[in-house]
Amino acid sequence: MKLLDKVVVVTGAGNGIGRAIALAFAKEGAQVCIADIDIAAANATAETIRGNRGRASAWKADVTVEEQVESMVENAIAEYGRIDVLVSNAGIQRLGEIVDFSFADWKVVLATHLDGAFLMTRACLRNMYRVGKGGAIIYLGSVHSKEASKLKGPYVVAKHGVLGLCRAVAKEGGPRGVRANVICPGFVLTDMVTSQFPALSRDLGISEEEVVEKLLQATTVNGQLTLPEDVAEAAVFLASFPTMALTGQSLVVSHGWHMS
Ligand code: NAD
């Protein structure tokens with residue numbers, strides 16, 4: 001087992017990619033602490049892990065709210081003793097051209113991805129530094145950390161920002177044995193993506209089936225879409241990497257959509 005007894009915090013693990021990461025980590029022996037604004041979904045992930053004889057707990061927390069993040073991390077440390085790995089995964093999407101984008105939606109996209117990643121990082125880093133055994137932080141970036149698409153301006157800005165946060169954490173955390181890396185997935189068929197289909201279909205004047213074919217599958221080298229489990233496999237690799245050699249990096253997991 002690659003993560004035996006490691007204490008990991010995964011945000012947004014009630015659904016989609018975060019859930020797949022939480023399940024994969026548990027399979028590798030990790031004890032999983034879930035923070036999600038959707039407590040029913042978070043509990044369901046924790047119950048699945050416990051049903052497989054793993055250890056997991058779930059807390060309701062909005063990653064953009066400082067007090068909720070601080071209290072979630074405090075509770076996780078009280079129950080599990082320390083934090084070895086953070087996966088900052090919680091995210092949202094809002095579509096629209098920049099010319100029409102509301103300031104409120106701009107702020108909520110940036111807050112979820114950047115304030116959320118900062119607040120979770122700070123709370124977990126403080127514990128990692130205090131315990132003195134190092135740690136690993138994994139951010140969910142995106143192919144949109146590396147390039148842009150129409151209608152996704154604020155998301156593109158936020159995901160580029162995640163790369164900067166990761167690099168800063170990698171430099172500051174290095175002397176204390178903390179690694180930080182970013183996973184950059186291509187399109188993965190989760191609620192975040194399927195919920196965009198009606199708007200994309202309307203704005204682009206194509207059917208929802210064509211959205212999948214022409215917009216999503218057309219980006220990959222073999223017409224296949226990346227699965228949550230593919231991203232989870234990359235997360236296990238980054239979390240369990242044995243030395244400080246792999247830090248400050250971004251790993252694109254997109255069936256070849258973006259090559260860097
Ligand atoms: P999803 O919508 O399936 O799941 C997101 C989870 O985050 C949900 O459980 C939701 O409740 C939680 N969440 C949202 N806002 C929150 C908040 N403020 N506080 C706490 N929890 C919150 O999305 P997903 O597709 O699994 O995306 C996970 C991550 O992967 C995101 O950061 C996303 O940007 C990134 N990503 C997704 C794709 C994709 O194609 N699906 C591609 C690249 C990157």
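At roughly what angle do the axes of helix α4 and helix α5 cross? The axes of helix α4 (residues 103-131) and helix α5 (residues 153-173) cross at roughly 15 degrees and come within 9 Å. The model is a predicted one, in which local features need pLDDT of at least 70 and side-chain atom pairs count only at pLDDT 80 or more, while totals for chains, interfaces and linings use all residues. Residues are numbered from 1 along each chain as its sequence is written, and side-chain values use heavy atoms, with hydrogens and water left out.

Helices are DSSP runs (H or I, at least four residues) numbered from the N terminus, and axes are lines fitted to C-alpha atoms over the stretch in contact, with angles from 0 to 180 degrees between N-to-C directions. Angles under 35 degrees count as roughly parallel, over 145 as roughly antiparallel, 65 to 115 as roughly perpendicular and the rest as oblique.

| Helix pair | Crossing angle | Axis distance |
|---|---|---|
| α4 and α5 | roughly 15 degrees | within 9 Å |
| α1 and α9 | roughly 50 degrees | within 8 Å |
| α7 and α8 | about 85 degrees | 9 Å |

α4 and α5 are therefore roughly parallel to each other. Their contact (heavy atoms within 4.5 Å) includes Trp106, Leu110 and Phe118 of α4 and Tyr155, Val162 and Leu165 of α5. By class, the residues of this contact divide into 15 nonpolar, 4 polar and 2 charged, where Ala, Val, Leu, Ile, Met, Phe, Trp, Tyr, Cys and Pro count as nonpolar, Asp, Glu, Lys and Arg as charged, and the others, Gly among them, as polar.

Helix α1 (residues 16-27) and helix α9 (residues 228-240) are oblique to each other. Among the residues that meet are Ile17, Ile21 and Phe25 in α1, and Val231, Ala235 and Val236 in α9; the contact holds 11 nonpolar, 1 polar and 1 charged residues.

α7 and α8, by contrast, are roughly perpendicular to each other.

The domain assignment, automatic or from a database, gives domain 1 (7-188 + 227-245) and domain 2 (189-225). Their centres, taken over C-alpha atoms, are separated by 25 Å, and the contact takes 13 residues from each of the two domains. About 1,000 Å² is buried between domain 1 and domain 2, with carbon and sulfur atoms giving 70% of this area; buried area is the accessible area (1.4 Å probe) that two parts lose on being put together, summed over both.

How values were computed: Helix = DSSP H or I, 4+ residues; strand = E, 2+ residues; numbered from the N terminus.
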